[in-house]
Each structure stands twice: as structure tokens, then as C-alpha cells.
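The report below takes them in turn.

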Amino acid sequence: MTLRMDITLIKDSTFKLKGKTGFALTDPAGLTLESLDGSNVMKFKTAGEYEVAGISVIGIKVDENIVFVYEIDGLRICHLGKITKKLSDSKVSSIGDIDVLLLPVGPESIEMLQQIESYYVIPYGYSTEDELDKFLKDSGFSVEKLSKFSLKKDDIVEDQTTEIKVLIN
């Protein structure tokens, strides 16, 4: 049986991404990678390439922010941090193919969603429920509200329609 990777919202824009060998705590200020047994812990706040406990991460500098792309259990997850505007084509190319997009809700969220195509989108950073509802309606995608999103690579079907997962804590 293949274990599922779990994504939970800790608060605001901080997520826990838990794989079979370790986990990542991510927020716009940086990230922490840790093995499940706690024997290996590393914190990062700059762009670069990192690997701890089988979790690889690429930090891509965009203006004054860093976009983190994680690879956990064969899944690619992108956390856009504090970015609220469309990215350049070269930055989108650097990000590459994404399975799960952690997307800040703002004026250009729909354009960003279209730029970085993914199978699943998890919105965050909205200030009101009305702002979230407008984004969900404008996206046109199916929406599911969950306390935790669990996924394995085998769950993804090529050419499937993007789904939005709203995490609540």
C-alpha cells in the first residue's frame, strides 16, 4: 500500500507537507525540513536547492520573494509565498510541472492559476470569506473543503480538470 502525502494548513500561509520520510513546514518567510524521527532538521530562508529526508526543494527568487517547489513522494508542490501578481515566463519555466499549487488569493490569482497549471490548487492568504468565495466562483473549478488533503501520485489522472481544495483548521 502506498502512503499518501498529507497537506495541512497550520495558519494563514503556513502549511505542513508530510511525506513518507519527512515533512516540510512552509511559509513565505522560509521553510523547515525535518525527518519523521526528528534526527535531521534544517531551516532555509534563501533561494537555492535543498534536500533533507528524501524531500527535495528548489527556492526560486522572484523580486523580493521566494517561490518554493517541493518534491515529496513523487509529487511536486509549489508554494508561491507572498507573490500576488503574474510571474514572468522564465519564472514559470523555472517552476516547471506542478501537481499541487499553493496559491495566495489576490487580484491576479486567476491569471496566476492559469499560468501555473496544476491538478490541485489550495488557496490561502484571503482576508475575508467573501474574497475567497469570489476567487472560487471566478475559477470555475470544483471545490472541496477539507481539514487535510491527502494525495498519492497514483491518484492523479492525466488531463483531469483542476480541483480546488480549501483547507480549514
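## Aromatic packing

Phe15 counts as buried, at 0% relative accessibility (buried is under 20% relative accessible area, with a 1.4 Å probe and protein chains only). Tyr124 is buried too, at 3%.

The two rings form an edge-to-face pair, 5.6 Å centre to centre with 75° between the planes. Ring centres must lie within 6.5 Å to pair, and planes over 60 degrees apart count as edge-to-face. Phe15 is in strand S2 (residues 14-18) and Tyr124 in strand S11, so the pair ties together parts 109 residues apart in sequence. Strands are DSSP runs of at least two residues (E), helices of at least four (H or I), numbered from the N terminus.

## Basis of the model

The model is predicted: local features need pLDDT of at least 70, side-chain atom pairs need 80 or more, and totals for chains, interfaces and linings use all residues. Residues are numbered from 1 along each chain as its sequence is written, and side-chain values use heavy atoms, leaving out hydrogens and water.

## The sheet

An open sheet of eight strands runs S6-S7-S8-S9-S10-S11-S14-S12, with mixed pairing. Pairing takes at least two DSSP bridges. Strands S6 (48-52) and S12 (142-146) stand at the edges; each has a single partner strand, so one side of each lacks a neighbour in the sheet.

Five bridges join S12 to S14 (residues 163-167), and the two run parallel. Glu144 stands opposite Lys165 in S14.

## Contacts of Ile95

Leaving aside neighbours within four places in sequence, Ile95 is in contact (heavy atoms within 4.5 Å) with residues including Ile60, Val67, Leu80 and Ile116.

Conventions. Rings of Phe, Tyr and Trp (its six-membered ring) pair if their centres lie within 6.5 Å; planes under 30 degrees apart count as stacked, over 60 as edge-to-face and the rest as tilted. Buried means under 20% relative accessible area, exposed over 50%, partly exposed in between (1.4 Å probe, protein chains only).
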